[in-house]
Amino acid sequence: MSDAADFNLAPTWRETLTGSNRAALKALSDYMPTCRWFGGKARHIRQTSIVSAVQVGEAYIANVLVEYTEGEPQTYVLPLLLAHGVRAGEIEEGLPQAVIARLPVGETSVVLYDASWDTSFAAGLLEAIKESRSFEGTGVTLVAWPTIAFEEVLGPASASIEPKILRAQQSNTSIAYGDRAILKLFRRLEEGTSPELEIGRFLDKNGFRHTPPLAGALEYRQAGGEPLTLAILQGFVPNQGDAWQWTLDALDDYFAYAMSQRICTLRDAGPATQPLDLLGREMPDPVREALGPYAASARLLGRRTAEMHLTLASDSLDPAFSPEPVTSGYLRDMYNSVEELTDTAFGLLENRMAALGAEARETAGAVLSRRTGILEQFRLLLGHEVTATRLRCHGDYHLGQALYTGSDFVIIDFEGEPVRSLPERRIKHSPLKDVAGMLRSFHYAAYAAMFTRVAEGLVASEELAGIERWADAWHRWVGAAFLGEYLEVAADGDFLPRRWENLHTLLDVYLLEKAVYELIYELNNRPDWVRIPLQGIEELVG
């Protein structure tokens, strides 16, 4: 803060950080649910409290405990700054999204705001990592450290790089340092080392070059406990955007071709079956022509995915990464987990039915009627001996987790599914879980692109059934291209089921589990998209 020297803010900080400033804590309760990274939007907050804080420069990195009227509490990381006078006005006008509240201080007032939007704070974090600094706080020590890749990533003039917060925020906050590095600040604080830090360090050490290099990290250290990951610093990879947007652009061309050919009935699309069952079959000429070069890109992504899994399976001595067998106990735990997930999803769907659109309600009714069929498919896990291996996997693998460089793919974001706890995200699974995630993402992309064309009036009502067949053909044949290359490359390892029926069963269960998970996510975050997982579930159990 440029004008802090002549204004004593210490009492206000003390009141805020000790919880005696009720207005500040109420402001935090109001502010956090407006943020994309806050995961408790569907729950009612009972109270918030600041359980610890570390001063870094003029800011305080506060750990905010959020208690709900039901369910377990959560802790979120919130860097805080106070501004007054001219600076307060600048923040309110220039960074309204960062403003938490205007608080009274005597006869004047100050603005409390999220420090992650402050360039001086962001620059200070990078400097702290470079210099391996530590900061003592209330109950915790914040430790910053670089890797050997720091100098290579940032170069000698790291102090002069202008930081900029990336506006496309998700469950974390990302700060770019020019075109050199990105700092990912984890907003949800949990006990233990972040999978992103663990896996990034492991892939770097073992030579996987299709992920951003790890340049440093910020961790909380507590006596006798495992470090808690606050942030990681990664090298920036030049790219043309993520594979999701690149795929949507390709689908625009695909659907435009289909419409221009006036063959929307697509009589020769091949069998309506899952990608695994299309392996070895010839792609129909109309689909091949419409796909253009995308099929080759899907195969390349399948190759990179298999290479990632081969690397993750390469160390039998590291307990956190050594491969483990798929046991009957694991399959039983998996069944219990997906059964609980299904109960949650169906309860939520029943409660939200009235708020859904007419088309989504019709599909939702059909899905709800198939609950028994869904559980029967999950029950196929039980009573079978599966010779396969569990690995540390990506955990939340989809098109948005791969960057397209123009000629290749770089895999990012190994944090795992954001609604799951950190211990759950560190569990080893069959790598088919990642494969299923990407196959579901192909389905998502095809139908998202189709729904967009319909919403924009580009598809006449009499053409709707035909264009849906094109969408269906796209995700099945693209999925087959990805899967075929994946299985060929992954054969160099020894982690996939040896029997075809076991491979089929595990992949089908992971696909259905992912679709049910997506249903919960969309109901809580994007109700307009709920038709996609509903349609996926109906297809998978149909």
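Predicted model: local features only at pLDDT ≥ 70, side-chain atom pairs only at ≥ 80, totals over all residues.
## The open sheet

The model contains an open sheet of 7 strands, ordered β6-β7-β12-β13-β10-β9-β8, and the pairing is antiparallel. Its edge strands are β6 (134-136) and β8 (163-165), each of which pairs on one side only. On average, neighbouring strands of this sheet are turned by 15° against each other, with direction ignored. Helix α6 (residues 195-205) packs on the sheet, where it touches β7, β10 (181-186), β12 and β13. The direction of α6 makes about 145° with that of β12.

## Strand β12 and its partners

Strand β7 (residues 141-146) pairs with β12 in the antiparallel sense over 6 bridges. Strand β13 (residues 228-235) likewise pairs with β12 in the antiparallel sense, over 6 bridges.

Leu218 of β12 stands opposite Ala144, and in β13 the bridge partner of Leu218 is Ala231. Tyr220 in β12 is the bridge partner of Leu142. Strands β12 and β13 form a hairpin with 6 residues between the strands, and in this hairpin Gly224 takes a positive phi near 75°.

## Nonpolar cores

The largest nonpolar core has 105 residues. Tyr254, Phe255, Leu301, Leu399, Phe442, Trp474 and Leu507 are the residues with the most contacts inside this core. Helix α16 (residues 464-490) gives the most to the core, with 15 residues. Another core, of 45 residues, lies apart from the largest one, and its members include Val77, Ile91, Phe135 and Ala181.

With residues up to four places away in sequence not counted, Leu301 touches Tyr397, Leu399, Ala402, Phe409, Met438, Phe442 and Phe482.

## Packing of helix α13

Two packed helices are described by the angle between their axes and the distance between the axes. Helix α13 (residues 371-379) packs with helix α17 (residues 500-525) at an angle of about 140°, and their axes are 9 Å apart. That angle makes α13 oblique to α17. The crossing of α13 and α17 is left-handed. On the α13 side, Ile374, Gln377 and Phe378 meet Asp508, Val509, Leu512 and Glu513 in α17.

Helix α11 (residues 328-352) also packs with α13, at an angle of about 165° and with the axes 10 Å apart. The helices α11 and α13 are therefore roughly antiparallel to each other, since an angle over 145 degrees counts as such. The crossing of α11 and α13 is right-handed. From α11, the contact is made by Tyr335, Val338, Glu339, Thr342, Asp343 and Phe346, and from α13 by Arg371, Ile374, Leu375, Phe378 and Arg379. Ile374 and Phe378 of α13 take part in the contact with α17 and in the contact with α11.

## Loop residues

Most residues other than glycine have a negative phi. Ser132, which is not a glycine, has a positive phi of about 55°. Ser132 lies in the loop between α4 (119-130) and β6, and is partly exposed, with a relative accessible area of 45%. Asp413 also has a positive phi, near 60°, in a residue other than glycine. Asp413 is placed in the loop between β17 (409-411) and α14 (422-425), and is buried, with a relative accessible area of 15%.

Gly395 lies in the loop between β15 (389-390) and β16 (402-404). Gly395 and Pro418 are 23 residues apart in sequence, and their C-alpha atoms are 9.8 Å apart in space. With residues up to four places away in sequence not counted, Gly395 touches Gly416, Glu417, Lys433 and Asp434.

Key: Residues numbered from 1 in each chain as written. Heavy atoms only, no water. Pairing = 2+ DSSP bridges. Helix = DSSP H or I, 4+ residues; strand = E, 2+ residues; numbered from the N terminus. Axes fitted to C-alpha atoms, helices over the stretch in contact; angles between N-to-C directions. Contact = heavy atoms within 4.5 Å. Core = buried A, V, L, I, M, F, W, Y, C linked by side-chain atoms within 4.5 Å. Buried < 20%, exposed > 50% of the residue type's maximum accessible area, 1.4 Å probe, protein only. Parallel < 35°, antiparallel > 145°, perpendicular 65-115°, else oblique. Left-handed = near helix turned anticlockwise from the far one by under 90°.
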